[in-house]
Amino acid sequence: MASDILAVGALYQVPDINKMRAIAETPQKAASPLKPFTPLKTKLTTIETKRIMSVLDETIQKVELVTLLSYVAANTEDLEGLLGEDLARAVREHEDLCQVFMDKVSYLQEEEMQLQAEEDFEEEAWFRDLLLSIELQKSNLLPVMGQIRDSTKNILRLLLSRPQAAQLVRAQAQERGPGAQGFIDSLVELRGFLFEKLLTCPMEARDKSQFIQEITKRNRKNQEVIDTLENELEERMKSRAAEVEKENFVIQELKNHLHQVLKFSENSLLRTKQEAEKQQKADYRASQGRAAKIQQDILQLRSQFHSLVMENREAEQALRKKKYKVETEIENWIQKYDTEMSEKQDEYEELDIIHKEEKIQLEELQQRYEVLVEEFAQIREEREITSKKRMEDEQEMMRMVRAATLIQAVWKGYLVRSLLRSKRKKRGKGKAKGEKGKGKGKK
């Protein structure tokens, strides 16, 4: 059963080929590439294998439903109209049992923590009483677990008898927890592995084992080549370290030579600095003459600026007048916009009132629709019951007709056999009379 499944272990393990390290170059000749192993058959042929796969598929479906019971229990009020009263009641009872179980487990954990904290008082009577109460509570958990298991089976039975409700619950797959989803993915992966295992015949299994052994041998050979290459690399690294040490010695000699060159360059830099100071003084004198000339240019530009300001002032006044005119036009447009918007606001309020009335009517219609949906569900159930009863009556009538035809056939056979017997008796009597007459004639 799906509710009793706890864990599924790996049934078969093979070496992980993807984790094997690749080799760039090998001194040996490369072996021929291995073809991936694939079963020859693509469909199950025997009834036993089909039954195994059907049982596993049914288990996966039940696990999918069981992992969503927590969501259904949390949203019972929203889904009650779609699930039905009996299913919703079963879900609520299951939730209550789970809550009782969790309360007992939490209380038991608290007691165990207290017991661990008081381990120094093992000889005390109250400590033994506490230990005894914990054992008693653990034994009381088993009936609750049995009730939860029975409740889960009952809910699964109700869901499987109602495909629409089961489909509705499966549609909430995004509400499933990551642990439950991982468990379902593992079951699906197990199904694929089991399907491949059932498709594989003994000959193919032997070929597959040989394929894996050959890959393992190749991996071992490749690992040996890698070890030899690593040893060669270590030796080359040591030789490289010696070469680097020699180069470091050469670099140190070059640094000493560079230090001497820097000392020589400091003297040349001092001479260059003195020459630059002389050049700076000459440039300063030339710059003073250029500054005086620039000052005269500044005075001329100021007079031109003053004249341009007077000319632009008249243009500014004309632009101010134009700005005032545009502002008045804008104010008029704003007033006109305010009046139009007030009219639109009044119209919007009227439409809003009409919308609210229509919304109230829509809610009333929805309530009526829900009542009609419930009535339709009852009518459909009654129709299903009547159709089942009609089918049963038709089957009973067919059985009665078949029995009547059988009785008639037996009776007809009996009549035919009785007629044949009577004819045989008459023929026997006629023969006997004829023999007697012949005997008297001879006398």
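Colleague: Which residues gather in a patch of positive charge on the surface?

Modeller: In this predicted model, a patch counts residues with over 30% relative accessible area and no salt bridge. Lys and Arg are the residues counted as positive. The patch of positive charge on the surface is formed by Arg417, Arg421, Lys423, Arg424, Lys425, Lys426 and Arg427.

Colleague: In which helix is the place of Arg421?

Modeller: Arg421 is one of the residues in the positive patch. Its place is within residues 202-442, which form helix 8.

Colleague: How many salt bridges does the structure hold?

Modeller: A salt bridge requires a side-chain nitrogen of Lys or Arg within 4 Å of a carboxyl oxygen of Asp or Glu. Glu58 and Lys62 meet in such a pair, at 3.2 Å from N to O. The number of salt bridges in the structure is 7.

Colleague: Is Lys62 buried or exposed?

Modeller: Glu58 and Lys62 are 4 residues apart in helix 1 (residues 47-66), so about one helical turn separates them. Glu58 is partly exposed, at 38% relative accessibility. Buried means under 20% relative accessible area. With a relative accessible area of 10%, Lys62 is buried.

Colleague: How many Å apart are the closest N and O atoms of Glu243 and Arg240?

Modeller: Both residues lie in helix 8, where Glu243 and Arg240 are 3 residues apart, about one turn of the helix. Glu243 is partly exposed at 41% relative accessibility, and Arg240 is partly exposed with a relative accessible area of 45%. Glu243 and Arg240 form a salt bridge, and their closest N and O atoms are apart by 3.5 Å.

Technical notes. Residues are numbered from 1 along each chain as its sequence is written. This is a predicted model: local features need pLDDT of at least 70, side-chain atom pairs count only at pLDDT 80 or more; totals for chains, interfaces and linings use all residues. Side-chain values use heavy atoms; hydrogens and water are left out. Patches are made of residues with over 30% relative accessible area and no salt bridge: like charges are joined within 9 Å, nonpolar side chains (Val, Leu, Ile, Met, Phe, Trp, Tyr) within 5 Å. Accessible areas come from the Shrake-Rupley method with a 1.4 Å probe; for residues, only the protein chains shown count as cover. The place of a charge is taken as NZ of Lys, CZ of Arg, CG of Asp or CD of Glu. Helices (H or I, at least four residues) and strands (E, at least two) are DSSP runs, numbered from the N terminus. Buried means under 20% relative accessible area, exposed over 50%, partly exposed in between (1.4 Å probe, protein chains only).
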